[in-house]
Amino acid sequence: MYFENTGKEKSGILSDISDIDDEFDLQMEEDMTIGYADVESAGRSKVLYTMGPNGPMEFKQLSERFWVRVGNRYSCKGGRSSQGIMPFFEVQNGREQGLLFAVGWTGQWYVHFMKNGGKVQIRAGIEDLNFYLEPGERIRTASVLLVPYSEGTVKAHNAFRRLMCKEFSVFPDEKCGEPPLSLQTWGGARSEFLKKQIRKAAEEKLGFEYFWVDAGWYGDYEEECPDEHTGCWGAYTGDWQVNTRVHPDKMKDVFSLAEKNGMKGLLWFEPERIRKGTTEFYRTHRDMLLECEEDPYNALLDLSREDAKEFMLETVSSYIQDLNLSCYRQDFNFDPLPFWRHADTEDRKGITQIKHIMALYGIWDTLRARFPHLVIDNCASGGNRLDIETLSRSIPLWRSDVNCVFDFPPYCAQNQNMGISNWIPYHGNGISRFADDRYRFRSCHSPATAANFLGYEAFGNEPYDFEEVRFLVEEFKAVRRFYSCDFYPVFGNPGDEYSWAGWQYHDSETEEGVLVAFRRAHALPDSVTVQLGGLNKKKVYVFENSDTGEKAEYSGAELSEKGLTICLKEKRSSVLLKYSVKSV
């Protein structure tokens, strides 16, 4: 929705705005109790919501019964759209019917579900609005997406994924190509080291497609900052001048060499955050910044101001053009909501947030128009800004900061993929420093993938098994396209190391797919039988083991009735099976 004041005086107060306020007949089951109930029991209507990233329950789908008289209310935290709770919901009627619901707003949204007999009322929008509009002022509010279904939840989520691919995604695109497969490096590492690693990747024919330079490349700090966990680099966030002590040629030589060796350029920014005290920008441009008592360390670039919006757009554009970048990585590592609310007056509550988010969309839209080949990576301490508006303009290449730790547990990456794939067909993940670990590499499969095993001076010179890395990169490329196809959670989403886990992705048009299974580190059974989805009972499927090259044939009817049994003799092991219909 858009609101515009076409008059010559300020408008009256606009408040209690809902971008949807409607009722849907889902033939809901009647409530049997008013107290607590088992929401998992068959025949009970419920709301399902998905947790945000960076915690033990990240991207887990949880269920909650309808609360009598008060309904079920949800919102994100801190002004980042998927922090705490994702803006994606499912309402089930207790049988096969329900609806999927998403909010498109990259700030502070709310959703309220209220059950009324067999119907459910949905109200959603931006939280806590109360403002007037100046003469000529025009603003927009949130978008919403509603997908009703009547043939079960798995089929519904795959319909949603297809819709996201078609209408709310920058992929597939002839100009952007496939989601990035990146060789990830640290911006605080010296240019000579980065160029050495580019040459090594080329000599070993590793096959990475993007050269990713992360944070630490800017500011005039003198201290050595060998990785993101060490040194003072973070205090200079907001001074977007290349540190020439670390990068004498301002990284032009680095990205030029990467391009000559077949890798596109990817560079990290965090343009909305400015560190207080240490940055030159804070000292000279405080009029363009918002501050608040709740955050003594950071200031927020006030994108509600035209000069701040223009500064961000032109600064980023200049780097994209000068370094010939193919991917612009935008991070956002703090909560903007206290800054927005501090800037608002009582009769203009919400206006600063609205104008900031409108400006963000405008900047991204302009960048994509100026640079049609450009991929925008949407990072916010991992996946804290995931909604249908950002996903239609960008891809989250780093869906969780859990993966920042160099030896993060692989089962975390497995859980992330199984959870986020219920909703989002394009997302990314990092393998970290152990790129020749087959179990870890497969655990980190997603539509986009990055590996930083050569990117840090601390371990970039270790003796890696490059033959294994080449095998795993080629294996990933062979199945990457399936990761944006239909998703079947054939293993559920177990949260412990004592279980089997994995996934199936299926191309319904070609009837091909991939099945990946993991016997986790403490799983006692050495075999498991799974029920695959999307197969045709009348056809025969050929499964090929990527490790051994062995092939086996199964009829669709047999797989539907008996399932597929997978055996792994060793704990902490995996198997990847590609399958296709047998040619007649």
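**Helices and overall shape of a predicted model**

User: How do you know that the length of α2 agrees with its number of residues?

Analyst: Helix α2 holds 13 residues, 191-203. At 1.5 Å a residue, they should span 18 Å. The end C-alpha atoms are 18 Å apart, so the two values agree.

User: Which residues of α2 are called buried, and what covers them?

Analyst: Buried means under 20% relative accessible area. In α2 that applies to S191, F193, L194, K195, Q197, I198, K200 and A201. Their cover includes strands β14 (181-185) and β15 (210-213). It also includes helices α3 (252-260) and α11 (466-479).

User: Why is α9 called largely enclosed?

Analyst: Helix α9 covers residues 410-420. Of its 11 residues, 10 are buried, so the rest of the structure largely encloses α9. Among the buried ones are P410, C412, M418 and I420. What covers them includes α10 (438-443), β23 (428-430) and β26 (500-507).

User: What makes the radius of gyration of the protein chain agree with a compact globule?

Analyst: A compact globule of 584 residues would have a radius near 25 Å. The protein chain has 25 Å, so the values agree. Its C-alpha trace spans about 70 × 65 × 40 Å along the principal axes. Buried residues make up 59% of the chain.

User: How many helices and strands does the protein chain have?

Analyst: The chain has 12 helices and 32 strands.

Key: Residues are numbered from 1 along each chain as its sequence is written. This is a predicted model: local features need pLDDT of at least 70, side-chain atom pairs count only at pLDDT 80 or more; totals for chains, interfaces and linings use all residues. Side-chain values use heavy atoms; hydrogens and water are left out. Helices (H or I, at least four residues) and strands (E, at least two) are DSSP runs, numbered from the N terminus. The expected span of a helix is 1.5 Å times one less than its number of residues. Buried means under 20% relative accessible area, exposed over 50%, partly exposed in between (1.4 Å probe, protein chains only). Contact means heavy atoms within 4.5 Å. The radius of gyration is taken over C-alpha atoms; the globule rule is 2.2 Å times the number of residues to the power 0.38.
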